Amino acid sequence: MHEERPPTAARHASPGTAPRRSNQSELEFRALLDAAVDAIIVIDHKGRIEQFSLSAERIFGYTTAEVIGQNVDVLMPEPYRAEHDAYMQRYQHTGEARIIGVGREVQARRKDGSVFPCELAVGKVQGVEPPRFIGFIHDITPRKLADERLRRSESELRLAQELANLGNYVVHLDQSEPAYYSPQLCRILGIEAVAEALPLTTQLERWVHPGDREKVDEALSELDSPGNAFDCEYRIVLEDGTTRYLHHIAQVTRDAQGNRLKHIGTIHDVSDRRATEDEARQLQERLTHFSRLSTMGEMAAGLAHEINQPLTAIATYAQACQRFMRSPDRDDADVLEALVQINAQALRAGEVIRRLRNFVKNREVKREPVDCNRLLDDLRTLAETDARLHNVRLRIDAEPSLPTVYADPIQLQQVVLNLVRNAIDAMADAPETGREVLLSTRQLPEGEIEIIVADHGSGLAPEAAEHLFNPFFTTKSAGTGLGLAISRSIVRAHGGRLWHTPNEGTGARFHFTLPASPVTLASKGE
Amino acid sequence: MIKEIKPTVFVVDDDTAVRDSLRMLLKSVGLPVEVFESGQEFLDADRDDRPGCLVLDIRMPGMSGLELQVKLNERHSILPIIFITGHGDVPMAVEAMQAGAVDFIQKPFRDQDLLDRINQALEKDAGSRRMLAERNMIRKRLESLTPREKEVLDLVVAGKANKVIAGDLNLSQRTVEIHRARVMEKMEAHSLAHLVRMVLEVERTEE
């Protein structure tokens, strides 16, 4: 704000240099000067300041008294100052006024020495001699600052987008303005620019990986209902054949009547992250699969035995059948019974092979609702194979009506089988009649499902217990040392825990938990 | 009398199908058969002194075939055992043979192979039982001798002539001849050689 000033007339230029003018027009001119927002300065032909407006005082920080009679170049920094002197000299020699005109952008200097940008317009006062000039100075510091800020934020945004591999776009659905696509967006999509005529989503849709099309279509339908956003991670295949993973978030804005106005979105190129994740996952899957294969390798003798049993029964039934048929006083009921059994035993052998193949098959990890009791039942064939071979009794104590868990059933079987095999191995030196593995399930008060594998072996030595879950730690001559490490990582990936406690009496108990899935299957009577 | 009971094939196998198929095979050849799903069940049934043979699965949870064999030996059972083994069970089969099993057969097997082994086992069992019965009979006959007759018998078996025996026992030769005749009669001996064989048979098993 202006500070209180003495009457305007008191600050007039000295009478010697002031033009002759009527008092009234003098006052009017002064009022004009003081009302102007821009600084107004009048100088004579030698560049001496004659008039200095109120706004000039404000902008330059000088009082009128300080500058009247001074060369106007005090208001200029170098190199303008030198240039100005040259102009004035040229003017005095040639009578040619150079800077007259509008809208030159120059630098000016305040009393405190600081420099600021301004727009300068200079006019020559007509009809007076020697000539005078009137200068209008518009301080453009705020505009410059705003410009600078805008430019900086634009370049920062651009840099941020580049660093984050993130692009954005705005499409005006009412065609009121051209669509905007950020440079990084174009870079992500591997194109020079998005063809304006084609809406981006139409272009993207062409590139969507066939495997993700359904997912994208489903997510896009969200955009049709007001207030919903499109949020989808999908793959696109670019013109050059490369595949990229995009995380695409979009929204449609609407006016009060619900008409669609703008389609706004960001596209994040998450290919690098996904590639790393994919690689890690594939490695983990290969390791898990390898561990399953090696488990089966260790169980080969037991599996051979398990398939040999039905084969022995089939051969024996068939031989009995032949003898029945040759006997003159045969009973057809015996033959029929043998045939029924042959059929059943062939299916039994097939079932062992089917479970084995299921278990070792290299497959995609797939989570689904799993009934743990049913899982143990399915596992029984494989687990008993090993148990029989080592004269171990396998007992299952299942709590009925357990909630289901959301899990990959084969991986869970792998964990249980691994624990059962360890339990069996732990009892190699135990008396034969005491060799029992108890598999039990129960629901914990917190809603988790707990599966326990208990043995009556010699228990865990403290030094073994310490390294138990370390990869490649094994107490077995033929073990890989991966079983428990992988089991624990599988359980953790399912949101559960795996630990061990001493068993009552002798031996060890291995526990693991899994969170119950919200949907509980009705328990099915077996 | 033991001889009146028909020999039976006892099968102990925890696998229902294998057990049942064996039952049916043995039925098809007209052999009496009894099946058990565990060693304990067989022990509880007290069949181990019956004539017949035992077809025994070497691998079973809980009491294994080998453990049952040990228990039967402790009970002085003479039941011949044929072990059924799987692949790679040779070390266990060797152990079983050392503990007195008559034979073993690998799964899956040809029916004739098994039946041949069963027949051999049944013959062996019948032979053992005959021998046992004979030994018991000889023992009974020995027990029927008077102390003086027993003294005469020992010297006869030792190969001494009547005259020498008379001198040793301070008896008349005539008296020795009478005792000797009574011994031959009580022991139902056809000849001196037969008498000696019977006595040696009993003495050998009593060592």
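This is a predicted model: local features need pLDDT of at least 70, side-chain atom pairs count only at pLDDT 80 or more; totals for chains, interfaces and linings use all residues.

Chain B is built from 9 helices and 5 strands, and its elements, read from the N terminus on, follow the order β-α-β-α-β-α-β-α-β-α-α-α-α-α. If one takes the contacts in chain B between residues at least 6 apart in sequence, 62% of them join residues that are at least 24 apart.

We can now turn to the place where the two chains meet. The contact draws 23 residues from chain B and 28 residues from chain A. On the side of chain B that touches chain A, helix α1 (residues 16-28) of chain B gives the most, with 8 residues, and the residues of that side divide by class into 10 nonpolar, 7 polar and 6 charged.

Two packed helices are described by the angle between their axes and the distance between the axes. For helix α10 (residues 300-326) of chain A and helix α11 (residues 332-360) of chain A, the axes come within 9 Å and cross at roughly 165°. Because angles over 145 degrees count as roughly antiparallel, α10(A) is roughly antiparallel to α11(A). The crossing of α10(A) and α11(A) is left-handed, and the contact of α10(A) with α11(A) comprises, by class, 21 nonpolar, 2 polar and 3 charged residues.

Methods: Residues are numbered from 1 along each chain as its sequence is written. Chains are lettered from A and ligands numbered from 1 in the order in which they are written. Two residues are in contact if their C-beta atoms, placed from the backbone, lie within 7 Å. Helices (H or I, at least four residues) and strands (E, at least two) are DSSP runs, numbered from the N terminus. Ala, Val, Leu, Ile, Met, Phe, Trp, Tyr, Cys and Pro count as nonpolar, Asp, Glu, Lys and Arg as charged, and the others, Gly among them, as polar. Axes are lines fitted to C-alpha atoms, for helices over the stretch in contact, and angles run from 0 to 180 degrees between N-to-C directions. Angles under 35 degrees count as roughly parallel, over 145 as roughly antiparallel, 65 to 115 as roughly perpendicular and the rest as oblique. A crossing is left-handed if the near helix is turned anticlockwise from the far one by less than a right angle, and right-handed if clockwise.
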